[in-house]
Every structure is written in C-alpha cells, then in structure tokens.
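Here is a short tour of a protein, written for someone new to reading structures. Have a look at the picture first, then read on.

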Amino acid sequence: MKRHYLRVFANLIVLALGVCCISAAAQAVHSDKDKQSVFKGNNGVSEGDYHRREITIIITERPIGYEVSGIYKDPIYAGIMGSEVCKISGAYSYAENRVRAYCTFPNRERIEVSSLHTDDKEELRLSIDNAEIVARRVGAPPRSKSTGKSTGKSTGNADLWSGHWYDTKYTGDLSFEFNITGSGEILKASYKYRGTDLIGDGAFFNCRVAGKTAKCDWTGAHTDATKKGRRHGTLTVTLNDDDTITGTMLEGAPEWVYAPGRNKDNVTSSMYDGATFALNLKRK
C-alpha cells in the first residue's frame, strides 16, 4: 500500500513538472513574440508601380543578442535573380540602432542590407541596392514634422525648389520631367523620362541642401528595346536666380539584363560607370 501511494505521489510530481514545462514553453514562445519589433518601409513610389520597392525588417531579441529577418521586394530582380523577393537575415545592434544583414534570392545570389545610425529607435535608415529606405516600426506614432530649423549639417530653404520641372534639352518624343518637394532642409524628388523605345523612372534621396545648392544620391530603373535594369549615382544641382535648375548627374555602374541576342559586347549605351548628364530644368 505504501508503495502504491509513493507511485501515485511520484506520478503527480511528474505531471506537475510536465504542466510547468508546458507552461514555461508557452510563456517562452509568447515572450519571443513580445520581443519582436516589425519595421516596414518603401521608396515612396505608388503601390503597384513597377519601380516600387518594399522592405519588412523583423528584429527578435534573443538571449545572446538581436536577430534580424524579413523580406525585400523589388520587381526589377524578377529578371535578374529569377525572383522579385529575397529573404533577409542578419544581426541588429541596439546600442547603435543599426542593422547588418544580407538578403538572399532563391538562386543563392545576395545583396547587402545595412543601416545608418539614427537616434530614433522607432525607425531604421536602411541602405540596400544603392538606395536608402526609411522603415518605421509598425504601431509607432507618426514622425513629427520638420521644423525647418538647422541641424548644423546643412542650411537652406528647400521650399524654394518645390514644383514640377522639365529638362529643356529634350523635345518631341523624348521628355524628362521632375517632381520636387521640399520643406525646411528636406528635399526629395522623383523623375521620369519617356521616349519612343525607352522608359525610365527614379528618385533623388539623401539630399543635402546648402543655400541654393543641393547634393543628392539618385537611383532609378530603365527599360529599352535592348536591355533593362537599375541605375544609380550622385548629382549636384543649383537653383538659379532666374528660377531654373542646372547641374550634373554622375552615373554609377548600372546593372543590366539584356534582351535575347543582346549582351554588353553588342549593345552601346550612354549609361555607364562614370557617365555624366547635364541638367537644365525649367518649371512647367
């Protein structure tokens, strides 16, 4: 009888331990979810547009640090990598509020994902594929609007640049148009060019305004009869007293996917690493 009670008691202990373990495991899973932060961002292009880029970053706190996962979507890569979506994996530094990761495509090719430091823990300034995308934490309050006060890094009134502009060099079937928005020291722009057998779209970002001069990075997509791909570079432009904008776009190395029967040896292009393009803009 005594052994019987001992067995019952032992079984009760095992049962209790099992319940505790299950409860602890459930709490651990719940805890992981509570420690996840999801950040989402895009390049500002309209949803459904071929040139829209989207990114989702998930930061999960682990016992030994922070794990980064997520996805990046860019339709241009459907032809280059065989898929427009790659999977992100890497690490996050809470002290620096910075991401260091790679995004891997199904064909095992990968691109680097990094970020610039920002004191705002509610957002990540991500650098991917020669462009910057600001991803904000899901559920975070909206960003406060710029006051236009100087940060000590740039000076100028970007409002003067705002408007719709066109490049006077292009006429007839070829057009090159810009939509510039500015407030305080923040300057952004999108552009598009159209021709009989070509189309291109892009944007300026990381603009630094000083007086009536702005220096920016730029990125875009190009398609014509022989190739399609991604372009990028830097530019310097000046807002003149006669209400025109002049400057130069410097091209980085473009990434092309060629049409059947075409390749770098039989296609001549004005778009190459180191190429420069003069800008002469007037308001529409």
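## Before we start

A residue counts as buried when its relative accessible area is under 20%, and as exposed when that value is over 50%. One more thing to keep in mind: what you see is a predicted model.

## Two sulfur links

Let's begin with the cysteines. A disulfide is a covalent bond between the sulfur atoms of two cysteines. This structure has two of them, and if you count the bonded cysteines along the chain, the pattern reads 1-2, 3-4.

Are C86 and C103 buried or exposed? Both C86 and C103 are buried. Look along the S-S bond of C86 and C103 and you'll find an angle of 105°, a right-handed link.

The other disulfide connects C207 with C216, and here the S to S distance is 2.1 Å. The link of C207 and C216 is right-handed too, with 115° about the S-S bond.

## A barrel of strands

Now for the strands. Eight of them form a closed barrel, in the order β1-β2-β3-β4-β5-β6-β7-β8, with antiparallel pairing. On average, neighbouring strands in this sheet are turned by 25° against each other, if you ignore direction.

Where does β1 meet β8? Strand β1 (residues 36-42) and strand β8 (residues 131-137) run antiparallel and are joined by two bridges. In this pairing, F39 stands opposite R137 of β8.

In soluble globular proteins, nonpolar side chains tend to be buried together. The largest nonpolar core here has 27 residues, and W161, F178, I180, L187, F204 and I245 are the ones with the most contacts inside it. Strands β10, β11, β12, β13, β14, β15 and β17 each give at least two residues to this core. Which strand supplies the largest share? That's β11, with four residues.

Terms used
Residues are numbered from 1 along each chain as its sequence is written. This is a predicted model: local features need pLDDT of at least 70, side-chain atom pairs count only at pLDDT 80 or more; totals for chains, interfaces and linings use all residues. Side-chain values use heavy atoms; hydrogens and water are left out. A disulfide is a pair of cysteine sulfur atoms within 2.5 Å. Buried means under 20% relative accessible area, exposed over 50%, partly exposed in between (1.4 Å probe, protein chains only). Two strands pair if DSSP finds at least two bridges between them. Axes are lines fitted to C-alpha atoms, for helices over the stretch in contact, and angles run from 0 to 180 degrees between N-to-C directions. A nonpolar core is a set of buried Ala, Val, Leu, Ile, Met, Phe, Trp, Tyr and Cys residues joined through side-chain atoms within 4.5 Å.
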